[in-house]
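Please brief me on this structure.

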Amino acid sequence: MIIDRREIERMLAAEGEAMQELFARAAAVRDETVGPVLYLRGLIEYSNICRKNCLYCGIRRENRSVARYRLTPDEVIAAARYAGERRFGSVVLQGGEITTEDHIACIESLVVRIKSLFPASPLGVTLSFGEQTEATYRRWFRAGAHRYLLRIESSSERLYRSIHPDDGLHRYEERLRALRALRRVGYQVGTGVMIGLPGQTLADLADDIVFMRDMDIDMCGMGPYVEAEGTPLVERCGPPPERDYRLAMALKMIAVLRLAMPDINIAAATALSSLSPDGRLDAVRCGANVVMPNLTPRRGKEAYRLYDDKSSAIDSRLLCERIGWGEWGDSLRFGKKNK
Ligand code: SF4
């Protein structure tokens, strides 16, 4: 059943009992469609060095208060080995956007090494390293990565422009180009948006849901906007909505997306835990089916601050859910499309 845009907006406006009903419905649809199983992805934050300068991001190029780091290949492999030994099934290798040949080759060789760690049951590998050329995406795909996360942040071109510098490097069309390239190469494609941006309306968020459906994405990682020290977003765009609003709206977005796209993977984003200790647990209760325990070694974890109050610990209550131990937990939607 296709949910029309007006209905999406109506659901996003739900409060009180209607909101709780929405959450319960979304969780039931998740259980019936992709199953009542939570998949783990060990998150490895490879580097906080980035060529970009997104106004909201704590590791933006011009934030001089951040100590920059890059994990050594051995540190990455040790974290991946830990994930495999604990039967997480998959890892996510994530970092700032760098487009040098040195960086591209390094990621390529890391993917090859991670894939060969457990020959009988190789780890699934998701990458998230921003906009790259199609040729680069292809190299990493051939090395063994099979999922890629590239958030659109906002499907509204107006909002996208307001939260990025106008310097030719942060172009909305370029983000769309990269998302389409990922699809052509053969990845399971993930995107996502920030919820609770200054100037963002309910209509914008409804459009985000429609955008993700029209793009036929396979997975989604989205969360509330959380302020980050040393970033100019609030100064330039004005204050965001209250934290409670952002948290509730992020949960509603997850629930509505689950109803609009029942067979995709939806992550319970870490940013949710920055606004509430129960944030990620609540996301699972309203339709999410993926969590990403952070396996970054301490020296990186502390410097990889995309936003403030970043919580990295995995809530042990999440582990009370049925976990897909040792499984890749691929997108059901992707599987159906590529039968
Ligand atoms: S959001 Fe991504 S691309 Fe933008 S500055 Fe942060 S790490 Fe770099």
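Predicted model: local features only at pLDDT ≥ 70, side-chain atom pairs only at ≥ 80, totals over all residues.

Residues are numbered from 1 along each chain as its sequence is written, and side-chain values use heavy atoms, with hydrogens and water left out. Strand β3 (residues 124–128) has 5 of its 5 residues buried, so it is largely enclosed by the rest of the structure. Strand β7 (residues 219–224) has 6 of 6 buried, so it too is largely enclosed.

**Terms used throughout**

- Buried means under 20% relative accessible area, exposed means over 50%, and partly exposed lies in between (1.4 Å probe, protein chains only).
- Helices (H or I, at least four residues) and strands (E, at least two) are DSSP runs, numbered from the N terminus.
- Two strands pair if DSSP finds at least two bridges between them.

**Strand β3 and its partners**

- Both faces of β3 are covered. G124, T126 and S128 are buried on one side, and V125 and L127 are buried on the other.
- Strand β2 (residues 90–95) runs parallel to β3, and 5 bridges join them.
- V92 has T126 of β3 as its bridge partner.
- From β2 the chain crosses through helix α4 (residues 101–117) to β3, in a right-handed β-α-β crossover. Right-handed here means that, with the strands pointing away from the viewer, the path from the first strand over the helix to the second runs clockwise.
- β3 also pairs with β4, in the parallel sense, over 2 bridges.
- T126 has R147 as its bridge partner in β4.
- From β3 the chain crosses through α5 to β4, and this β-α-β crossover is right-handed.

**Strand β7 and its partners**

- Strand β5 (residues 188–191) runs parallel to β7, with 2 bridges joining them.
- T191 has C220 as its bridge partner in β7.
- Strand β6 (residues 194–195) pairs with β7 in the parallel sense, over 2 bridges.
- I195 stands opposite P224 in β7.
- The chain leaves β6, passes through helix α8 (residues 202–214) and reaches β7 in a right-handed β-α-β crossover.
- Strand β8 (residues 265–268) runs parallel to β7, and 4 bridges join them.

**Helices α5 and α7**

- The axes of helix α5 (residues 134–143) and helix α7 (residues 172–185) come within 9 Å and cross at roughly 40 degrees. Axes are lines fitted to C-alpha atoms, for helices over the stretch in contact, and angles run from 0 to 180 degrees between N-to-C directions.
- α5 and α7 are therefore oblique to each other. Angles under 35 degrees count as roughly parallel, over 145 as roughly antiparallel, 65 to 115 as roughly perpendicular, and the rest as oblique.
- α5 passes α7 in a right-handed crossing. A crossing is right-handed if the near helix is turned clockwise from the far one by less than a right angle, and left-handed if anticlockwise.

**Cysteines**

- The disulfide count is 0, where a disulfide is a pair of cysteine sulfur atoms within 2.5 Å.
- C286 is in no disulfide, and the nearest cysteine sulfur, that of C220, is 12 Å away.
- C286 is buried, at 1% relative accessible area.
- C57 also counts as buried, at 13% relative accessibility.

- E153 is not a glycine, yet it has a positive phi of about 70 degrees. E153 lies in the loop between β4 (147–149) and α6 (157–162) and is buried, at 10% relative accessible area.
- D216 is not a glycine either, and its phi is positive at about 55 degrees. D216 lies in the loop between α8 and β7 and is partly exposed, at 25%.

**Two more positions**

- I3 is found in the segment before α1 (5–12) and counts as buried at 5% relative accessibility.
- I3 and A260 are 257 residues apart in sequence, and their C-alpha atoms are 6.2 Å apart in space.
- W325 is found in the loop between α13 (298–301) and α14 (332–337) and counts as partly exposed at 36% relative accessibility.
- W325 and V210 are 115 residues apart along the chain, and their C-alpha atoms are separated by 32 Å.
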